Amino acid sequence: MSLTIFGTSRSRALRVLWMASELGLAFEHHPLDWRDCRQNAQYRLINPAGTIPSISDDGFVLAESLAINLYLAQKAGMLWPEGMKDQALASQWTLWVATAIESAYTQWASHTYWLPEAARDASLAASAAAEMRDPLDHLESALARSEWLVGAAFSVADLNVASVISTVRRFEREKRPHLMNWLDRCCARPAFQHAVKLP
Ligand SMILES: N[C@@H](CCC(=O)N[C@@H](CS)C(=O)NCC(=O)O)C(=O)O
């Protein structure tokens with residue numbers, strides 16, 4: 001298969017680069033920057049939304065980082081749980097992280113780490129942190145019951161959730177030991193370590 005991944009690792013494209021590395025896929029990488037991808041007319045011919053990441057898989061274009069990961073795992077038959085119920089749980093966790101926490105997490109991480117110090121607003125970071133606590137407690141309970149989110153091994157469910165909230169490793173570590181241990185294990189994986197070093 002001829003796979004192209006669009007988007008720098010300093011963006012949500014990291015999620016897809018991590019997955020492609022886990023699966024051992026060969027791919028061409030166009031590390032487009034999030035600051036100007038929408039203005040890139042050539043790129044908009046590929047992904048009309050103009051956002052990163054997107055992929056082209058033998059001409060099949062797909063956007064949305066987490067949907068791309070579900071597709072790649074399913075296509076490769078790796079990190080894709082066996083059986084319809086576990087596959088449904090992988091979708092459940094993927095939709096959960098995108099809807100229950102990503103927005104608050106993005107605000108918290110932006111105003112804690114990502115923005116230049118002068119642009120950070122501590123009150124926005126605090127309100128986002130307050131919004132994150134309940135979903136993080138939910139994740140902590142799930143990971144107290146089981147080492148991985150779906151089944152007995154690392155899967156696309158773990159990758160998708162961990163890739164959205166990886167910086168949470170630095171947030172109230174002592175309060176959620178199972179979650180922190182799981183995030184540490186996910187982020188210590190060679191494929192993650194490889195992906196973060198890509199341009
Ligand atoms: N829900 C989408 C979000 C895509 C997105 O907003 N990507 C950002 C970079 S992380 C982007 O392209 N920003 C540039 C822009 O919106 O102009 C996904 O997960 O792929």
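A salt bridge is a side-chain nitrogen of Lys or Arg within 4 Å of a carboxyl oxygen of Asp or Glu. K175 forms such a bridge with E172, their closest N and O atoms being 3.7 Å apart. The model is predicted, so local features need pLDDT of at least 70 and side-chain atom pairs count only at pLDDT 80 or more, while totals for chains, interfaces and linings use all residues. Residues are numbered from 1 along each chain as its sequence is written, and side-chain values use heavy atoms, without hydrogens and water.

**Salt bridges**
- The whole structure holds 11 salt bridges.
- R12 and E102 pair through their side chains at 3.0 Å, N to O.
- E102 is buried (under 20% relative accessible area; exposed is over 50%, partly exposed in between; 1.4 Å probe, protein chains only), with a value of 12%.
- R12 is partly exposed at 41%.
- D184 and R173 form a salt bridge at 2.7 Å, N to O.
- D184 has 31% relative accessibility and R173 has a relative accessible area of 37%, and both count as partly exposed.
- One network, joined by salt bridges that share partners, contains R133, D137, E172, K175 and R176.

**Nonpolar core**
- A nonpolar core is a set of buried Ala, Val, Leu, Ile, Met, Phe, Trp, Tyr and Cys residues joined through side-chain atoms within 4.5 Å.
- The largest such core has 57 residues, of which L139, I165 and W182 touch the most other members.
- Beyond its neighbours within four places in sequence, W182 is in contact (heavy atoms within 4.5 Å) with residues including L139, L143 and W148.
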